[in-house]
Amino acid sequence: MQDEIVSVHPFFADRTNKPVLASALYAELGYGGMIHSFKNYILRRDVKYKKNALNSIGNIENLINEYKQLSPTISEKTALEDIISVLNKYKSNIEIIDQGIEQDLSPEEIDGQVEISDIYSLRGLKTIEQDIIYQIEKKSDLLGVLIQDVYNKEQQNAFIVITSTIFIAFFIYWVFTRKVINPVKNISTVMLKMSQGEVDIPIYPQEIRYENDHTELGQMHSSLQIFKDNEIKRQAAEEKITRLALTDPLTGLANRNKFESSINEMAALAKREDKIIALLALDLDKFKPINDEYGHAAGDLILKSVANNLSLIFRETDLVARLGGDEFSVVLYAPDNIESIKKHYKELLH
C-alpha cells in the first residue's frame with residue numbers, strides 16, 4: 001500500500017516528513033502489524049507471529065526515534081511516550097505468552113493474563129494526526145500572509161506561484177488523508193470494536209468502498225469482512241449448541257441438564273432472598289399402553305400436548321422440564337406457602 005502511494009507521489013518517500021512517519025506508524029501498529037501479530041501469536045501459537053510482532057516493535061521504535069529528530073511539539077512528545085509505554089507492555093508480556101503456551105493454556109486464559117489496553121497508542125496516533133493537521137493549518141495561515149506580501153511585491157506572477165504551491169500542498173494533504181489516514185483509521189476502529197466483541201459494525205464506511213479494490217487496503221478490508229462473517233457464524237453456532245444442550249428436542253421444555261443446573265441456582269437465590277421453592281414430580285399414568293397400542297408417534301403427540309399445557313399452567317418464573325420418557329418436573333419459585341401449592345396446582349392438574 002505504502003509503496004504504491006510513494007510511486008505516485010515521491011513526497012511520501014521523504015523520511016524527514018512527519019506525515020510519512022505517522023503513516024508508517026499506523027501501518028506498523030495496525031492490521032498486519034504489531035497488534036495483529038501479537039493477537040495472532042496468542043490465537044495460533046505460531047512463533048512466526050511472535051517474530052513479526054517483535055520485528056514490528058523494532059520498526060516502531062526506529063520510527064519514533066526518527067520522529068523525535070523532527071522537533072516534535074510537546075503534545076507530539078507526549079503522544080510518542082504513550083505509544084512507547086504500550087510497546088513496552090507488549091514486549092514485557094511476550095514471556096508471559098510463551099509460558100502460557102508452554103502450559104497449554106487457552107487463548108482466553110493467556111489473553112486474560114496479558115490484557116493490554118491499546119487506547120493509549122490509538123490516542124497517541126490520534127494526537128499526532130491532529131498535531132500534523134494543526135501544523136499544516138498554521139503553515140497555511142502563514143502562507144496566506146506570504147501570498148499577500150508577495151502579491152504586493154511581485155503582483156500577478158508571484159501570486160500564481162504561491163497559489164500553485166498551496167494547491168499542491170493541500171492536494172498532497174487531501175491524498176494522504178483520503179488514501180492513508182482515513183482507511184487505516186477505519187481499519188483500526190473496526191479492529192478495536194471487534195476485539196471488544198462487537199460484530200454488528202460496518203466494515204466499509206459510507207464514503208470508502210473497497211469491495212473491488214485489489215490493493216493491500218482492499219485486501220485488508222476484505223479480510224476483516226471474512227473475519228466478521230465467520231465470527232457471526234461462530235456465535236450463532238455456539239448459541240444453537242447451547243440451546244440444544246439445554247432443551248428437550250421433542251417438547252421444547254428444559255431437559256435434565258438445564259433442570260439440574262437451574263434448580264441449584266434457584267435454590268441459592270431463594271436462600272439469599274429468604275424465599276422457598278417447591279418441586280413437583282409428574283409422570284403420565286398408563287402412558288406405556290398408548291405407545292404399545294398406537295405407536296410412538298401418538299405418544300410423542302401426547303408428550304407435546306402435556307408440555308404445552310404445563311407451560312400455560314405455570315408461571316414464567318417457574319422451571320418446567322422433561323427429565324425423560326413421561327417424566328416431568330416443575331420447580332416453583334417463591335410460592336406463598338405449601339398449602340396454596342397443594343390447593344392451586346391440584347385443581348389445575350386435574
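Helices (H or I, at least four residues) and strands (E, at least two) are DSSP runs, numbered from the N terminus. By that rule the protein chain has 12 helices and three strands. This is a predicted model: local features need pLDDT of at least 70, side-chain atom pairs count only at pLDDT 80 or more, and totals for chains, interfaces and linings use all residues. Residues are numbered from 1 along each chain as its sequence is written, and side-chain values use heavy atoms, with hydrogens and water left out.

**Whole chain**

Start with everything shown. Of the 350 residues, 37% count as buried. Buried means under 20% relative accessible area, exposed over 50%, and partly exposed in between (1.4 Å probe, protein chains only). The accessible surface comes to about 21500 Å², with 54% belonging to carbon and sulfur atoms. Accessible areas come from the Shrake-Rupley method with a 1.4 Å probe; for residues, only the protein chains shown count as cover.

**Largest nonpolar core**

Select Met 34, Ile 60, Ile 83, Tyr 90 and Ile 128. Of the 34 residues in the largest nonpolar core, these touch the most other members. Such a core is a set of buried Ala, Val, Leu, Ile, Met, Phe, Trp, Tyr and Cys residues joined through side-chain atoms within 4.5 Å. Now colour helices H2 (18–29), H3 (34–44), H4 (47–68), H5 (74–102) and H7 (119–195): these are the elements that give two or more residues to this core. H5 gives the most, with eight residues.

Zoom in on Tyr 90. Leaving aside neighbours within four places in sequence, Tyr 90 is in contact (heavy atoms within 4.5 Å) with Met 34, Ile 35, Phe 38, Lys 39, Ile 57, Ile 116 and Asp 118. Apart from this core lies another, of 14 residues, among them Ala 307, Leu 310, Leu 332 and Ile 341.

Ser 56 is buried, at 6% relative accessible area. With neighbours within four places in sequence set aside, Ser 56 is in contact with Glu 28, Gly 33 and Met 34.

**Salt bridges**

Seven salt bridges turn up in a search of the whole structure. The criterion is a side-chain nitrogen of Lys or Arg within 4 Å of a carboxyl oxygen of Asp or Glu.

Select Asp 98 and Lys 50. Their closest N and O atoms are 2.9 Å apart. Asp 98 sits in helix H5 and Lys 50 in helix H4, 48 residues apart. Asp 98 is buried, at 18%.

Next, Glu 81 and Lys 68. Here the closest N and O atoms are 3.7 Å apart. Glu 81 lies in H5 and Lys 68 in H4, so the pair ties together parts 13 residues apart in sequence. Glu 81 is partly exposed at 43%, and Lys 68 is partly exposed at 37%.

Then pick Arg 322 and Asp 248, with closest N and O atoms 3.3 Å apart. Arg 322 is in strand E2 (residues 319–324), and Asp 248 is in the loop between H8 and H9, 74 residues away. Arg 322 is buried at 12%; Asp 248 is buried at 8%.

**Loop and surface**

Stay in the loop between helix H8 (216–246) and helix H9 (256–272) and select Asn 255. Asn 255 is buried, at 13%. A polar atom of its side chain lies 2.9 Å from the backbone nitrogen of Lys 258.

Finish on the surface. Phe 167, Ile 168, Phe 171 and Trp 174 form a nonpolar patch with about 460 Å² of accessible area together. Patches are made of residues with over 30% relative accessible area and no salt bridge: like charges are joined within 9 Å, nonpolar side chains (Val, Leu, Ile, Met, Phe, Trp, Tyr) within 5 Å. Ile 168 lies in helix H7 and is partly exposed at 47%.

Note on methods: A polar contact is a pair of N or O atoms within 3.5 Å; within protein, one must be able to donate a hydrogen and the other to accept it, and residues adjacent in sequence count only if both atoms are side-chain atoms.
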